[in-house]
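Q: I have a model open and want to go through it residue by residue. Can you take my questions as they come?

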Amino acid sequence: ALTAGIVGLPNVGKSTLFNAITQAGAEAANYPFATIDPNVGMVEVPDERLNKLTELVNPKKTVPTTFEFTDIAGIVKGASKGEGLGNQFLSHIRQVDAICQVVRCFVDENITHVSGKVDPIDDIEIINLELILADLETVNKRYQRVEKLAKQKDKDALVEFEVLSKLKTGLEEEKPARAIEFTEEQLKIVKGLHLLTSKPMLYVANVGEDEVADPESNPNVQKVKEYASNEGAEVIVICARIEEEISELDQEEKEMFLDELGITESGLDKLIKASYSLLGLATYFTAGEQEVRAWTFRKGMKAPQAAGIIHSDFERGFIRAETVSYDDLVEAGSMTVAREKGKVRLEGKEYIVKDGDVIHFRFNV
Ligand code: GDP
């Protein structure tokens, strides 16, 4: 499964947020085959459409789809040089698909800050620089090898050498790889290098308890937003401490609590949704009398591949995908009416599944 890693300097609120994630955690009974790793927190992806489908179909059971966060502790200045748990930290980041960087925006004199003062841009730059330095090492090693081949006019090597030169220059200017422009063909080569700064990044601004209703009043949040917008990155504002409290509540209590705080959606729910879309993920549904269920797929997947997410037999024996869009189904009010109106399509092997499709797969066993 795809996962987003949670990183940040010490004392910014990572553990507090991760605690909220594991406590809010997905109902284990629904996902019997999920692996249990103490550094992984599995959450259900909030989706209004699933509630609406449940009303329409009235199934015995409703199962949301899930998303995983991985807790990556231990970054300090000098990590790329192996300081602290540096190397271990970097290898953990290598294994995640997106990075959520927690940035301390709350001011609390009782909680020490590693640099002695709360300066979110300084903090972001410390982390980003470590990742850039680690990538620069990867690129330089490859650069030296490919340079020799390029001098011998090896065609592939010449193409790769151009990519490596561009990366080297960019990284030396302290630009992350994702901010350097490449052609489609070059991007394939960049992908093969598995660079840390190629991974999509999201900033999580951790604010104080009294700031959640009006986060813009916190100047640190504004700074983070400005920094992120220069990179084209997104910022999610949360208060980790409040999320920890919310994670202990049931749905009804949670809504009341959010109401009191003057917000409509919890920070964690926003973070889940943003991470999900950052990874290019989308949701389709199956809706039967037994079970209404949401499934995660990657945008661009064709019907058989998407079917394979449910079971490999569905992919192998795929015949057709009986498909209706969520909007059409809700407008029709029932599957029967949707069918009468001609809104249910029979899609074949080449169909590219869309977010919100409600699908019944037909397959041979
Ligand atoms: P980590 O080192 O990044 O994992 O940070 P922790 O989650 O352990 O948090 C460090 C300290 O900051 C703890 O005492 C937390 O209770 C506190 N903290 C975390 N989030 C908040 C917050 O939103 N507001 C305030 N006031 N304190 C927080």
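**Leucine 164 and onwards**

A: Leucine 164 touches Val139, Arg142, Tyr143 and Val146, leaving out residues up to four places away in sequence. Contact here is defined as two C-beta atoms, placed from the backbone, lying within 7 Å.

Q: What kind of model is this, and how is it numbered?
A: It is a predicted model: local features need pLDDT of at least 70, side-chain atom pairs count only at pLDDT 80 or more, and totals for chains, interfaces and linings use all residues. Residues are numbered from 1 along each chain as its sequence is written.

Q: Back to leucine 164. Which helix is it in, and is it buried or exposed?
A: Leucine 164 is in helix α5, residues 155-172. Leucine 164 is buried because 24 other C-beta atoms lie within 10 Å. The cut-offs are 20 or more other C-beta atoms within 10 Å of a residue's own for buried, 12 or fewer for exposed, and partly exposed in between, with C-beta atoms placed from the backbone. Helices (H or I, at least four residues) and strands (E, at least two) are DSSP runs, numbered from the N terminus.

Q: Switching to the ligand. Which residues come nearest?
A: Gly13, Lys14, Ser15, Thr16 and Ala240 do, out of 17 residues around the ligand. A residue counts as near if its C-beta atom, placed from the backbone, lies within 6 Å of the molecule or strand in question.

Q: Which helices supply that shell?
A: α1 (14-24) and α8 (240-246) each supply at least two residues. α1 gives the most, with three.

Q: And by class, what is in the shell?
A: Six nonpolar, seven polar and four charged residues. Ala, Val, Leu, Ile, Met, Phe, Trp, Tyr, Cys and Pro count as nonpolar, Asp, Glu, Lys and Arg as charged, and the others, Gly among them, as polar.

Q: Where does UniProt put the "binding site"?
A: The unreviewed entry places that feature at Asn11, Val12, Gly13, Lys14, Ser15 and Thr16. UniProt positions are given in the numbering used here, feature names are shortened, and annotations may be inferred rather than shown by experiment.

Q: Take the two I care about, asparagine 11 and lysine 14. Where are they?
A: Asparagine 11 is in the loop between β1 (3-7) and α1, while lysine 14 lies in helix α1. Asparagine 11 counts as partly exposed because it has 13 C-beta neighbours inside 10 Å. Lysine 14 is buried, since 24 other C-beta atoms lie within 10 Å.

Q: Now valine 103. Which strand, and is it buried or exposed?
A: Valine 103 lies in strand β5, residues 98-104. Valine 103 is buried, as 26 other C-beta atoms lie within 10 Å. Setting aside residues within four places in sequence, its contacts include Pro120, Ile124 and Val224.

Q: Last topic, backbone angles. What is phi at asparagine 58 and lysine 153?
A: Asparagine 58 has a positive phi of about 55° although it is not a glycine. Lysine 153, also not a glycine, has a positive phi near 65°. Asparagine 58 is in the loop between α2 (48-57) and β3 (61-63), and lysine 153 is in the loop between α4 and α5.
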